[in-house]
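Trainee: Could you help me learn to read a structure made of several chains? I would like to go through it one feature at a time.

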Amino acid sequence: MALDSKVPKGPIKDKWTDYKNKIDLVNPANKRNIDVIVVGTGLAGGSAAATLAELGYNVKAFAYQDSPRRAHSIAAQGGINAAKNYQGDGDSTYRLFYDTVKGGDYRSREANVYRLAEVSSNIIDQCVAQGVPFARDYGGLLDNRSFGGVLVSRTFYAKGQTGQQLLLGAYSAMNRQIARGKIEMFNRHEMLDVVIVDGKARGIIARNLITGEIERHSAHAVVIGSGGYGNVYFLSTNAMGSNATAAWKIHKKGAYFANPCYTQIHPTCIPRSGDYQSKLTLMSESLRNDGRIWVPKNMEDVMAIREGRKKPTDLSEDERDYYLERRYPAFGNLVPRDVASRAAKERCDAGYGVNATGEAVYLDFASAFQRYGKEQAKIHNLDNPTKEKIIELGQAIVKEKYGNLFQMYEKIIDQNPYETPMMIYPAVHYTMGGVWVDYNLMTTIPGCYCIGEANFSDHGANRLGASALMQGLADGYFVLPYTIGDYLSDDIRTGEIPTNTKEFDDAEKEVSERINFFVNNKGTKSVDYFHKKLGKVMWDKAGMSRNAEGLTEAMVEIKAIREEFWKEVSVPGTANEMNTELEKAGRVADFLELGELFAKDALVRAESCGGHFREESAELDGPQKGEAKRNDKDFAFVSAWEYKGEPADAVLHKEELEFKDIELKQRSYK
Amino acid sequence: MNLTLKIWRQKDSQAKGQMVDYKVTEISEHMSFLEMMDVLNEQLVNSGEEPVAFDHDCREGICGMCSMYINGEAHGPDRGITTCQLHMRMFNDGDTITIEPFRAAAFPVIKDLVVDRMAFERIQQAGGYISVNTSGNTQDANNIPISKHDADEAMDAATCIGCGACVATCKNSSAMLFVGAKVSQYALLPQGQVEAADRVQNMVAQMDLEGFGNCTNTGACEVECPKGISLENIARMNREYLSATLKG
Amino acid sequence: MSGILNSSIGRKFAMALSALFLMIFVLQHFVINLFSVINPDTFNEISHFMGTFWVIQYVIQPILIIGVIFHFVMGFVLEIKNNKANGVKYAKNNGAANSTWMSRNMIWSGGFILAFLIIHFIDFWIPEINTKYIVGDMTGMHNGEFRYFHELQEKFVPLWRVAFYIVGFVFLALHLLHGFDSAFQSTGANNKYTKGLQGFGKAYAILVPLGFIFIALFHHFTH
């Protein structure tokens, strides 16, 4: 099947408006007869469910947690971008569009990104109307902060909990519709398959996670907003339950999976402390505005620090290697996420990591204390302030800006970051890849849509800070509710979809068989054993930098782990009860397939772009020596994979990317 | 360190539960409490026993899923944190740790340490929203200035994560801190004031219907709240409710 | 408006209003008693006025009695409701970690105050009612002088009663230490004045019962 992105014709700035004007609509009376299933209730799923219900559709929403409010969108800290230009610093829809395409290393679809930039300011209006308490200045107007990789202040925020507040806004909109009976909410339910009738997505099979009951739910369209697949690495900043199952199931039923290798490794996370580690905690990227990153210059000092003979504060400036400032004098500590992460890995691989695991670098605020302290001393007219006074004044400013992050760090590591530098290390954070969708956000299965992080569309090979929230809400509030009407307008006479058909029987049987296999297998190893093993292969061979040899090995190793999994996995308990190990087993089984496709995709993409760094594709000489080298001639396409049984047999379809409104350039941060 | 754990085990909502003793060894002080539970569960799975079911998800203190009553306190002995942010360095080698689910008649146990908090959902559905459609045709976000003070206070109330520690802690199983926080957030914002009177009455009526107890102002909820939601929110809800009801 | 007492917040509010009323009553009671130490004659005159002025006897006194009964009955009703809201009891509960003993045991301090009140009524109120409304002696005189001061003094002769009263006042102090702030919080008064009010509440909760104890001891030892 040839890929048709269905991008409308015309100039980029008019595409969305013209398209909306011509799109088929469903009459309000008919909407009442149409059901839509929404799987996942984070920012994308939650906002879509609420909006579809407001429009009049009957929505059935599914969440594996006990409430939509717990979706992992809630953990986003920094903010949400919008081209409001409230600061008058020259921001515009075009500039947001440009920054996002450039930040994505020219691997995203122009028309989608432009639309995203276009609706971004509606999101802010909407959220304020819903009672989202964004930060304000003393004049009572909305405040903005700036974020990595851009030249304007366009990020709206609510303390360090922007994701939480936006999600609670969408959740409140959902609650209003649940109360009206327009959304039927299925909490503690997990989608385990999609049901396809006559080539169209017409329902899902879900498991009630409390009783273990397998349920059939039908609808005229199915929307997947189940988030990213970062947990394929076992350790990531994702929630423990975040999984790829819904996305992977639709992939297996015909939805192409795009760019699985595009993963964002976030540079400022709290390092791992031991093998028992269950997840990694992110600290906002904004810390790099004031922190300087370094490791010791000399190996003796590294050893002394690891053995506790020396403290980082004992090292003089000459004994420190501020490697980002050294390598990237122009951007210094503010290089984009992918560059900062790779540089940390390079130093740690060379043996300069500063904690027991050898996987940590310092993020030091001492000079920020000095800088702010001196500034404050001047403001307060202090003549000849003491050293201590300057540091005290400086720390107060830093505390105001990042107090909650410093406190979080201290709770986890048990060290006071005001006295000793923080330790950080990169961690898997976001997956730009996902289910392939067209301009309507429809997958290659008719009637099956995919929104938010679960789809691939807007971030290319690397996502800029504060744009994940923007995309989730844009898809859910403002894009999908329009585009889905175009499809559903054909369904006004269909009537309710019966669930007592062969298609539902078959799908349910498949799901039940798999569950019964798990509880009856009586293997010797826990689910986590396999998940950790998979995670290690992914991290070592398909992590921050990749090469053909490692990726080939990874494919073989993942396949071997998968085979062992199906022989040896042990799931205690039964199918007819709450069984958390059973839930995990199903999710890990899917990760074991996705991981292999991931490696295959990374192997095929023999260029470096965004979060995907291929060691073979680096600049060989000149000032950019050693830096990532993109190859637009051969790789300016989206890889969309068609399922053919084994992940290794997946078939590649290419969606060629055209850049009419932006000139392709190599990124440079030197 | 080596620890003895006394954990509430309950097969399902109908079954009678009981405390069961377990031993875990070689626990690192750097582990989080839930990682210690992971160790226990791995141990149980490997010996073919059913692991202890407990709610958890983000493991960074924001989703509100985790909900353990540890040594007689919601989210354990540390302050300003959820269970997942509690670290083993708060305990000593040889300690016995009692782990129970959040208790309240309105929070029935589903299994082991997992409780049903749907009562919170129904309270939110009763009025925890502003009735505005997601049309995209709302007025510009800066059309109504909001004083920084009010916006900050609304934000402080809005940081509630809905974990239920307030109810679990309260000797009366009262949900007033939870409801007060939501009522306050909207009451402080001009967008929320339009339907403030109906909102507070509907939410309080639902709260009462769910069987939560009456607040007697012990202040325990505020102390145990992982997000430090202030008792002032309960006072504000009282004011809002009384004026809404008395005005008719 | 109707049915406000069926809501949790309405009940709290009613509890707080009756409490505020009772606290005012206790304060005036204390001030009058204080005169028994300073000047017995003034004490007698005020006592006679309070005991015979119709507004007080027929308007304030019934309100007070209703207030007292309401506060107790509502207190017990709330306690029962709250216990019902609790579900299964914790195997281990560390209430001291997050709240004061006083706040968690209002039912016990209140219960003891009720026991005290019963004795107090038997000691003073019932004989008064008997003298005034059953016997019909509204003069307040005994052997040619006001009887109030002497009756007061005599009651505090037996050590057991003094001891019982002291314990009663200690419980009153404990009850007030939580109750004062709590009443304001329940009515929704939690604002920038709260801190000052809390200080005043603490002073009230300790000084008034302490004063009562002093008066009881004073009469016991000076008789």
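**Reading the chains together**

Mentor: Two residues are in contact if their C-beta atoms, placed from the backbone, lie within 7 Å. This is a predicted model, in which local features need pLDDT of at least 70 and side-chain atom pairs count only at pLDDT 80 or more, while totals for chains, interfaces and linings use all residues. Residues are numbered from 1 along each chain as its sequence is written, and chains are lettered from A and ligands numbered from 1 in the order in which they are written.

Trainee: How many residues does each chain give to the contact between A and B?

Mentor: Chain A gives 65 residues, and chain B gives 65 residues. On the chain A side, two or more residues come from each of α3 (43-55), α5 (110-129), α6 (162-179), α13 (468-488) and α17 (580-604). The largest share, 9 residues, belongs to α6(A). Those names follow a rule: helices (H or I, at least four residues) and strands (E, at least two) are DSSP runs, numbered from the N terminus.

Trainee: What classes of residue make up the side of chain A that touches chain B?

Mentor: That side has 24 nonpolar, 26 polar and 15 charged residues. Here Ala, Val, Leu, Ile, Met, Phe, Trp, Tyr, Cys and Pro count as nonpolar, Asp, Glu, Lys and Arg as charged, and the others, Gly among them, as polar.

Trainee: Which elements of chain B supply at least two residues to the side that touches chain C?

Mentor: In this contact, 43 residues of chain B meet 36 residues of chain C. The elements of chain B you ask about are β5 (96-101), α7 (196-209), α8 (220-224) and α9 (232-247). With 10 residues, α9(B) provides the largest share. By class, the chain B side has 18 nonpolar, 16 polar and 9 charged residues. Chains A and C have no contact, and their closest C-alpha atoms lie 20 Å apart.

Trainee: How is chain B divided into domains?

Mentor: Domain bounds come from an automatic or database domain assignment. Chain B has domain 1 (3-111) and domain 2 (118-133 + 143-247). Their centres, taken over C-alpha atoms, are 28 Å apart. Where these domains touch, domain 1 contributes 18 residues and domain 2 contributes 16 residues.

Trainee: And which domains does chain A have?

Mentor: Chain A is split into domain 1 (15-81 + 102-108 + 159-264 + 429-491), domain 2 (267-427) and domain 3 (509-656). Between the centres of domain 1 and domain 2 of chain A there are 37 Å, again over C-alpha atoms. The contact joins 12 residues of domain 1 of chain A to 17 residues of domain 2 of chain A. On the domain 1 side, 2 are nonpolar, 10 are polar and none is charged.

Trainee: How do I judge the predictor's confidence?

Mentor: Where pLDDT is low, the predicted coordinates should not be read in detail. Chain C has a mean pLDDT of 93, with 99% of its residues at 70 or more. For the complex, the predictor gives an ipTM of 0.98 and a pTM of 0.96.

Trainee: How many helices and strands does chain C have?

Mentor: Chain C has 8 helices and 2 strands, in the order α-α-α-α-α-β-β-α-α-α from the N terminus. Of its 223 residues, 26% are buried. A residue is buried if 20 or more other C-beta atoms lie within 10 Å of its own, exposed if 12 or fewer, and partly exposed in between, with C-beta atoms placed from the backbone.

Trainee: Which residues of α3(C) are buried?

Mentor: They are C:H71, C:L78, C:N82 and C:A85, and they pack against α1 (8-38) of chain C. Just after α3(C), C:G87 takes a positive phi of about 70°.

Trainee: Is A:A377 buried or partly exposed?

Mentor: A:A377 is partly exposed, because 18 other C-beta atoms lie within 10 Å. This residue lies in helix α11 (residues 366-379) of chain A. Not counting residues up to four places away in sequence, A:A377 touches A:L382, A:P385, A:I390 and A:L393.

Methods
pLDDT = per-residue confidence, 0-100.
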